[in-house]
Amino acid sequence: MASYKRCIMILADGSRPDVFANLAEQGKLPNIKEHLIDQGSLKHAVTVFPSTTGPAYLPYLTGCYPGTCNVPGIRWFDREKYATAFWSRSKHRSYVGLDTLKMSHDVLPSIQTIFEIVPHSVNIFNGISKGISRGGNKTSFMRLWNWYYAHLTDRWSLVDENATRLVLKHLDSDPTFTFVVYPGIDEYSHMGDPFHSEALVSYERVDDAVGQMVDKLKSKGWWEESIILIVSDHGLSGTDEHLGVNQLLESNGVKTFFYPVVFKKGFAAAHMVSGNGMSHLYLAKGANGGPVPKQAWREACHEEDMTPLQQQALDLLDQQPAVDFMAIRAREGGAWVRRGQERARVYESAGLYCYEPVSGDPLRYGGTTLKLNAEDWLLKTYQSDYPDAVIQILQLIRSPRSGDVMLSAAPGYDLRLRYEVPEHHGSHGGLHRDHMMIPIISNVPFSGETCRSVDVFPTLLEWMGYDIPENIDGISRARLR
Ligand SMILES: [Zn+2]
């Protein structure tokens, strides 16, 4: 029999586990400390690549990676549709603004969301609403107004307060599952940096919300059978330097398609930035400087297929301090990881995931070939600078909508120009631990040393007594394995 009857999942967008732990230790998060951490656990866990708002919500809602869901970034380009469809609304996508709502439609139809499994769910300030009942989506239009107003006024605190007000209001109807997004930490971190005072106050605002939720659950006699989870989609690193990848490619003779300039024709590359700290770069096979016919986009362009012009463009990107490393599609499957002269191949073989350095050690894993299962990769690398990077590169490259090259930005840099408003002082999206480490805090303890964001979905379903869908990426951490 299920031990827990309801759950409130708080997505504290952009929150870092170290900041949560430090503030809790300093006594600044009394409610989270008393009701969640002391009763359950605070895990320093690992999110997904790209570590970006939107795609990195999907694990909590589906138990699957963005690559599995075929939503590989905030922006993507569908090369096959571009080459073959006469008319289609899905040749390329940017989930910024109104188009956020298209993400639900773009998720692979066979993937079930938690809203389809758990009856009587409530969704607050989250644009991915696949499968929610008609009355369950409490903020579909209000979300856009809240975001628009806060964007113009910088008053994200008000949106966080509205989130709390809505959770408490709808708690009266005893929803089984409530998913609520708090954007304040992320937004204030982008404006200042991840440790800016406004960002830190936003953590305290989440603590205050937890206090009010616990009080209300207790007053109804429901607390003993309730789960409160606080999770995040990505960390954040401070950013002072910006690299305009689009401009760099264009000034070196590579005609490039990018947002918002989407009416170009005959381009040789498409560049799609996610969270400013990662991007997908798509290259037209055989492009050598002349106009590129649409048909050239039909197939992926592997490292081994690249023309001298394309190799030159990659060399140029590789030399930029903003580019930490690149993962490039390999013809034999998997990817080449390249950092300057250092190269390694990552691939899947007989259920194991392999990292094979050819020269140097681009992911800093000790320089030897490693063949491990997914769990051992997590345990071996979660304290390294690139936690879980092999698994994450391989899940993302499985998506046909992913680029031929995936760029991961070095901490301190991002991959779009300064003039793009608003200037961002905090970035995420990449595979560095500053972007990849996230908190998973709950009043029921997660078993084991650490976990991934994809594990939250099956763990929660097990705690609440629902069947876990087959073929998801996450595994349940409800009990010791
Ligand atoms: Zn986010």
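Student: Which residues of H9 are buried?
Tutor: Keep in mind that this is a predicted model. The buried residues of H9 are Trp156, Val159, Asp160, Ala163, Thr164, Val167 and Leu171.
Student: Where do they sit, seen down the axis of H9?
Tutor: They fall within an arc of 145 degrees, so they line one face of the helix. In general, an α-helix has 3.6 residues a turn, so residues three or four places apart point the same way.
Student: And what covers that buried set in H9?
Tutor: The cover includes strands S1 (6-12), S5 (121-124) and S6 (177-182), along with helices H8 (140-153), H10 (184-191) and H11 (197-219).
Student: How far does H9 reach from its first C-alpha to its last?
Tutor: H9 covers residues 156-171, 16 residues in total, and reaches 23 Å, close to the 22 Å expected at 1.5 Å a residue.
Student: New topic. Gln310: buried or exposed?
Tutor: Gln310 is buried, because 24 other C-beta atoms lie within 10 Å and the cut-off for buried is 20 or more. Its place is in helix H13, residues 308-318.
Student: What does Gln310 touch, leaving out residues up to four places away in sequence?
Tutor: Gln310 touches Leu283 and Ala287.
Student: Last one, the sheet with S8. What's the strand order?
Tutor: It is S18-S8-S19, an open sheet of 3 strands with mixed pairing. The edge strands are S18 (412-414) and S19 (426-427), each pairing on one side only.
Student: How many bridges join S8 to S18?
Tutor: There are 3 bridges, and the two strands run parallel. Within S18, Asp414 is the bridge partner of His242.

Key
Residues numbered from 1 in each chain as written. Predicted model: local features only at pLDDT ≥ 70, side-chain atom pairs only at ≥ 80, totals over all residues. Pairing = 2+ DSSP bridges. Helix = DSSP H or I, 4+ residues; strand = E, 2+ residues; numbered from the N terminus. Buried ≥ 20, exposed ≤ 12 C-beta atoms within 10 Å, placed from the backbone. Contact = placed C-beta atoms within 7 Å. Expected span 1.5 Å × (residues − 1). Arc of directions from axis to C-beta.
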